[in-house]
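Have the sequence and the structure open as you read.

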Amino acid sequence: MIRTNELRKDFTVRVKSGRFRREKRVVEAVAGVTLSIEPGEMVGYIGPNGAGKSTTLKMLTGVLTPSGGDVEVCGLRPVPQRTKLALNIGVVFGQRSQLWWDLPLHESFALLRHIYRVPAAEHAARLRRCRDLLDLDDFLDIPVRQLSLGQRMRGELTAALLHGPRVLFLDEPTIGLDVVSKQAVRSFLAELGATGDVTLVLTTHDLADIERLCERLVVIDHGRVVHDGTIDALHTRYGSRRSLVADLADPLPDGFVLPGATLVGVEADRHRVTFALDGVTAGVAVAGLVAAVSIRDLSVVEPDIEDVVARLYASTDAP
Ligand SMILES: Nc1ncnc2c1ncn2[C@@H]1O[C@H](COP(=O)(O)OP(=O)(O)OP(=O)(O)O)[C@@H](O)[C@H]1O
């Protein structure tokens, strides 16, 4: 559905180099990205600020012409075949709107139907689904400029889907939203992805979006792909471990050993202990602990995605 081969984008910028002089410098925003995304995949495309995410998305959607390499989306070359591509893709860029600010939401939707020449029945069915899943009915009659950010984002998602795109590109779809609106947008996208009808490519700084929605994670830094695989694979690569946190009735005996686990934290006069689970399942570790000491409370803590991604960014920080 999406293929890139050594895709590149350079920008020439002028930087000050003395009191009156400016000199040209080339910024390699995307420095050779090779990707293959199959129909129905939900892919998180993440990276630190300035990594090249938006630039990649702009090349995939035909907004920017690549400086080099190949790109194909839905079998089309995005820039030369941009009009045709627009019928096949939907785009939600957090900062930019595709709605008419002075019109009520439902009139924007009606205009989009005409622009994309969507048959009335198809349009009605898609709108019905979005109205139900995104709870649009309370604000369909309100001009877009008066909508809250969360309401507008739900409108944007609907607008991007009314022509039945095969690929949906989302750039920071939950940025600035309150927790309830974030949940609504995530649930909607999860449901959409579960149908397998739409391929989803999502950039975000909110890693909860990725955890909730994406099986596959592509991490880009300095314009290059530094990880392409599952979140689990990333945890494995960085040795992230689940941990077992226990509140004990009595202090942990000196020299206590829990097979397969490493004691990594001791607090509250040895009444609260944390074990990293290296080579043992949580069940076996819990059983081992319960057999040896008297326990008040127990929890198994999953490895933290924020933590592992921060380590990945730090490890690729060298210029
Ligand atoms: N139009 C432009 N002209 C010059 N440089 C640009 C332009 N657009 C992007 N860049 C530079 O290209 C690099 C990648 O930018 P890009 O916006 O793709 O990053 P990003 O990963 O989307 O970052 P963020 O998470 O901050 O949105 C940055 O160094 C940026 O300054």
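Five bridges join strand 6 (residues 167-171) to strand 7 (residues 199-203), and the two run parallel. Within that pair, F169 has V201 of strand 7 as its bridge partner. A word on ground rules: this is a predicted model, where local features need pLDDT of at least 70, side-chain atom pairs count only at pLDDT 80 or more, and totals for chains, interfaces and linings use all residues. Residues are numbered from 1 along each chain as its sequence is written. Helices (H or I, at least four residues) and strands (E, at least two) are DSSP runs, numbered from the N terminus, and two strands pair if DSSP finds at least two bridges between them.

Zooming out, six strands make an open sheet with mixed pairing, in the order 5-6-7-3-8-9. Strand 5 (89-93) and strand 9 (224-230) sit at the edges with a single partner strand each, so one side of each lacks a neighbour in the sheet.

Then there's the hairpin of strand 1 and strand 2, with five residues between the strands; G18 takes a positive phi near 125° there.

| Pair | Bridges | Direction | A bridge partner pair |
|---|---|---|---|
| strand 6, strand 7 | five bridges | parallel | F169, V201 |
| strand 1, strand 2 | 13 bridges | antiparallel | D10, E28 |
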